[in-house]
Structures are given as structure tokens and as C-alpha cells.
Amino acid sequence: MAVSSSPFRVVTPGAAAAVPHLSVEGVSLSYQASRGPVQALDDLSLTVAQGEFVSVLGPSGCGKSTLLKLVSGLMRPTAGRISLNGKEVTGTRSDVGIVFQKPTLLPWRTVLNNVLAPIRAMKGDARAHTENALNLLTLVGLQEFANNYPNELSGGMQQRVAIARGLAHDPGFLLMDEPFAALDALTREHMMLELQRIWLSRSKSVLFITHSIPEAVFLSDRILVMSSRPGRIVQEVRVELPRPRTLESMSEKPFNDCAKQLRQMFSKA
Ligand SMILES: Nc1ncnc2c1ncn2[C@@H]1O[C@H](COP(=O)(O)OP(=O)(O)O)[C@@H](O)[C@H]1O
Ligand SMILES: [Mg+2]
């Protein structure tokens with residue numbers, strides 16, 4: 001990483017990563033809504049390098065969840081191309097872990113079996129993964145709820161189960177759509193630290209969607225700022241704060257300088 005006196009650097013949008021893990025090129029998407037077509041994304045391009053943590057920051061309704069659904073292969077773009085490891089994304093993939101904005105748990109399965117769902121979906125050995133799944137439940141503070149059902153949990157707890165599920169098969173690429181938005185402030189801080197720890201200890205690439213500036217600054221190598229709908233990337237900044245980042249660093253000047261500059265960009269987006 002380049003040594004720079006400022007922890008925050010504006011870079012040219014779309015500057016190519018050497019070997020992108022994810023590449024989104026000129027992607028557009030229009031929904032056919034009852035009152036006519038809605039263009040959610042317009043000619044959006046981005047890359048995520050191998051092992052890079054990239055956040056997409058944008059206002060409500062700008063198309064962030066649409067972007068995540070396209071990258072996850074649940075929807076196909078109206079125009080443009082999305083590729084992972086150089087291969088076009090045409091459907092869901094086992095090397096990707098997804099955490100949606102809503103928990104989307106299976107109500108008839110226990111918490112533990114929800115975490116194991118990706119393993120079963122891939123015809124893996126759920127028994128061999130049980131210890132890992134229980135460790136993930138400990139990580140999200142829900143070890144005591146392994147045998148409960150989703151409707152016995154609060155919304156924030158269900159979202160933590162969904163985060164554990166996204167990590168269950170140890171995917172190389174993580175896609176997360178505002179995963180901490182429904183959590184209380186203390187739990188959110190704990191989850192930010194844990195996500196950073198997991199990301200630092202295993203070589204994962206992450207595309208993280210958020211509307212929270214502090215969350216984006218804390219976690220990211222790069223932050224892509226999206227315009228309001230139809231969404232496209234209008235700014236790209238590199239966060240060069242040292243890692244591991246601590247909660248204390250969030251009240252220090254370099255962190256606040258980053259957040260302040262981003263807030264100014266965000267308000268113009
Ligand atoms: N299934 C759908 N049908 C029609 N319009 C949709 C649909 N899903 C999302 N939209 C519209 O597309 C735009 C982007 O939505 P979304 O990607 O959910 O934004 P964000 O996640 O940034 O809040 C919004 O204007 C929304 O109303
Ligand atoms: Mg959304």
C-alpha cells in the first residue's frame with residue numbers, strides 16, 4: 001500500500017485493479033413497475049481486487065440492493081457484464097457468501113440449521129460443519145439460541161444468524177447489504193470488529209453496502225460513492241488508515257477527517 005501523509009485519497013473512479021476478483025462493467029438495470037419502467041442503475045462500473053474490502057455508500061433508493069442482487073446472480077442486468085474470477089456471473093455461486101438487508105431465514109429450521117443451510121444447499125456434510133457453525137453463532141453472540149426457531153428471536157438477532165450463515169461455507173467473496181443496519185449501536189460495533197478480524201485473518205474479498213459513513217471508513221480499503229437513482233459511481237476514495245482499526249480510532253482526527261470529507265461528497269452525490 002502506498003505511503004501517504006493523508007489517510008484519505010480521492011482516486012479516479014473505475015481505476016482498474018490488477019487482478020479483479022469482481023468486475024462490474026457498464027451495468028444498467030430497469031425494473032418494470034406498475035407505473036412504468038424504473039431505471040435503478042445506469043452504466044455502473046466497479047472492481048474489487050483479490051482480498052480487497054470495498055464499500056458502496058449511497059442514499060436510500062439509489063440502487064444499492066439492486067447492485068447486490070445482480071452481483072449475487074439472482075438477477076441479470078439489462079445491459080453490461082459482471083464477472084467473478086474472470087467468469088461471467090449467470091446465477092448464484094458457491095464461492096460467494098451473501099448477507100441480505102433482511103435476514104430471510106427459513107422459519108421451520110432451527111438457528112443452527114439455518115446457519116448450515118448453505119452447506120446443505122451445496123450437498124456438503126452438515127455434520128462436519130456443525131462445530132464451525134456453532135463457533136460462528138458464538139461469534140455473533142447467539143450460541144445459546146442454536147436450537148431456537150427464528151420467530152423466537154428479535155429482528156437484530158435474526159440478522160446476526162444471517163451473518164453467521166453468510167460465513168458458514170467460508171466463501172472467498174462476501175457480499176453484504178447493510179448487514180448491521182438493524183443492530184443496536186453496541187452490537188454493530190462488535191460486529192464491525194469481528195468482520196474486520198475475519199477479513200484480516202482469512203483472505204476474503206468483500207463488497208459491503210452501507211449508508212453509514214463511519215461504518216464504511218472503519219471497514220474499507222476503498223469506498224465508492226453512489227449517486228441517487230439511477231445509481232452510478234460518482235466518487236471513489238481510498239482509506240489508508242492503519243489496520244487493525246480500533247473503536248478508539250473512530251474518535252481520532254484522521255478517522256474524523258475521512259468521515260468529514262466523505263460527508264461532503266455524499267451530500268453532493
Ligand atoms: N422489484 C422492483 N420493482 C420495481 N422497482 C423496484 C424494485 N426493486 C427496487 N425498485 C426501485 O429501484 C430503486 C432502487 O432500489 P434499491 O436497489 O432497493 O435501492 P437501495 O437499496 O439503494 O435503497 C428504487 O427506486 C426502488 O423503488
Ligand atoms: Mg437496499
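User: Why is F208 called buried?

Analyst: Good place to start, with the note that this is a predicted model. F208 has a relative accessible area of 0%, and buried means under 20%, so F208 is buried.

User: Why is the pair of F53 and W199 called edge-to-face?

Analyst: Two values settle that one. The ring centres of F53 and W199 are 5.9 Å apart, and rings pair if their centres lie within 6.5 Å. The planes of F53 and W199 make an angle of 80 degrees, and over 60 counts as edge-to-face. The pair ties together parts 146 residues apart in sequence, because F53 lies in strand β4 (residues 53-57) and W199 in helix α6 (residues 185-201).

User: And what makes the pair of F53 and F208 tilted?

Analyst: Here the angle between the planes is 45 degrees, with 5.7 Å centre to centre. Stacked needs under 30 degrees and edge-to-face over 60, with the rest counted as tilted; F53 and F208 are therefore a tilted pair. This pair also links distant parts of the chain, with F53 in strand β4 and F208 in strand β9 (residues 205-210), 155 residues apart. Ring pairs link F53, F180, W199 and F208 into a cluster.

User: How do you know that helix α1 is largely enclosed by the rest of the structure?

Analyst: Helix α1 covers residues 64-71, and seven of its eight residues are buried, so the rest of the structure largely encloses α1. Those buried residues are K64, S65, T66, L67, L68, L70 and V71. After α1 comes G73, with a positive phi near 85 degrees.

User: What makes the approach of K64 to ligand 1 a polar contact?

Analyst: A polar backbone atom of K64 is 2.9 Å from an oxygen atom of ligand 1, and the cut-off for a pair of N or O atoms is within 3.5 Å. Backbone N or O atoms of C62 and G63 pass that test too: C62 has one 3.2 Å from an oxygen atom of ligand 1, and G63 has one at 3.0 Å. Taken alone, ligand 1 exposes 560 Å², of which the protein buries 66%.

User: Which element gives the largest share of the shell around ligand 1?

Analyst: That is α1, with three residues.

Definitions and conventions
Residues are numbered from 1 along each chain as its sequence is written. Chains are lettered from A and ligands numbered from 1 in the order in which they are written. This is a predicted model: local features need pLDDT of at least 70, side-chain atom pairs count only at pLDDT 80 or more; totals for chains, interfaces and linings use all residues. Side-chain values use heavy atoms; hydrogens and water are left out. Buried means under 20% relative accessible area, exposed over 50%, partly exposed in between (1.4 Å probe, protein chains only). Helices (H or I, at least four residues) and strands (E, at least two) are DSSP runs, numbered from the N terminus. Rings of Phe, Tyr and Trp (its six-membered ring) pair if their centres lie within 6.5 Å; planes under 30 degrees apart count as stacked, over 60 as edge-to-face and the rest as tilted. A polar contact is a pair of N or O atoms within 3.5 Å; within protein, one must be able to donate a hydrogen and the other to accept it, and residues adjacent in sequence count only if both atoms are side-chain atoms. Accessible areas come from the Shrake-Rupley method with a 1.4 Å probe; for residues, only the protein chains shown count as cover.
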